[in-house]
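The sequence and structure come first.

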Amino acid sequence: YLLYVPSIYDESRAWPLVVLCHGTWPYDTAKHQMQEWASFAENQGIIVVAPTLEAARGDLPPPPDQQITLQRKDERAGLELVADLKRRYRIAEHQVFMTGWSAGAYDILHIGLRNPDVFRALFIRQGTFDATFMDIPEGRLDSWQSIKVIYGQGDVLLRDQSKAMVAWLREQ
């Protein structure tokens with residue numbers, strides 16, 4: 001993973017943490033996400049981390065059982081990563097967020113919705129979505145967890161998938 005800690009970091013206060021979920025390689029990577037976010041993180045005083053994800057495959061996703069296996073692997077790694085960062089840095093407990101775009105939405109939804117006690121808000125831009133990849137146990141969704149999904153009108157495929165994502169979330 002790639003990590004950015006603002007130059008003004010000190011342990012006198014708790015710091016927000018944003019986990020960046022990249023889209024499909026080679027169109028997006030952890031490095032691209034970090035390049036996009038590092039300056040903002042410095043200016044706003046937030047810690048950002050960009051792990052390399054295995055489940056972010058929007059162009060040729062595997063069958064649901066294989067995709068869910070990859071998402072569970074990313075979930076274990078992501079939770080370990082957040083726990084490690086909480087040991088190394090003073091992280092604001094209720095200010096741990098996930099964001100990303102495209103196929104990063106698979107992990108944002110899988111990890112974030114399954115662990116609302118860790119990730120208080122989720123933000124998805126132009127997300128890839130397939131309801132068969134949603135392995136969320138009954139009653140696991142937290143109605144207080146903030147979720148924002150945005151999409152543009154120009155990308156017909158991702159726009160329709162993002163709309164399906166919003167509909168699925170509302171149904172839940």
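The model is predicted. Its aromatic pairs number five, and the table sets out two of them.

| Pair | Centre to centre | Angle between planes | Geometry |
|---|---|---|---|
| Tyr9 and Tyr89 | 5.4 Å | 85° | edge-to-face |
| Phe129 and Trp168 | 5.9 Å | 50° | tilted |

The pair of Tyr9 and Tyr89 counts as edge-to-face because its planes are at 85°, and the cut-off for that class is over 60 degrees. Tyr9 and Tyr89 are both buried.

Phe129 and Trp168 also link distant parts of the chain, 39 residues apart. Phe129 belongs to the loop between strand E5 (121-127) and strand E6 (146-150), and Trp168 to helix H4 (residues 156-171). Phe129 and Trp168 are buried.

Trp15 forms one aromatic cluster with Tyr9 and Tyr89. The charged end of Arg13 sits over the ring of Trp15, at 3.5 Å from the ring centre.

Lys86 is 71 residues from Trp15 in sequence, and their C-alpha atoms are 9.9 Å apart in space. Lys86 is part of helix H2. With a relative accessible area of 25%, Lys86 is partly exposed. Leaving out residues up to four places away in sequence, Lys86 touches Ile91, Glu93 and Val96.

Technical notes:
Residues numbered from 1 in each chain as written. Predicted model: local features only at pLDDT ≥ 70, side-chain atom pairs only at ≥ 80, totals over all residues. Heavy atoms only, no water. Phe/Tyr/Trp six-rings, centres within 6.5 Å; stacked < 30°, edge-to-face > 60°. Buried < 20%, exposed > 50% of the residue type's maximum accessible area, 1.4 Å probe, protein only. Helix = DSSP H or I, 4+ residues; strand = E, 2+ residues; numbered from the N terminus. Lys NZ or Arg CZ within 6 Å of the ring centre and 35° of its normal. Contact = heavy atoms within 4.5 Å.
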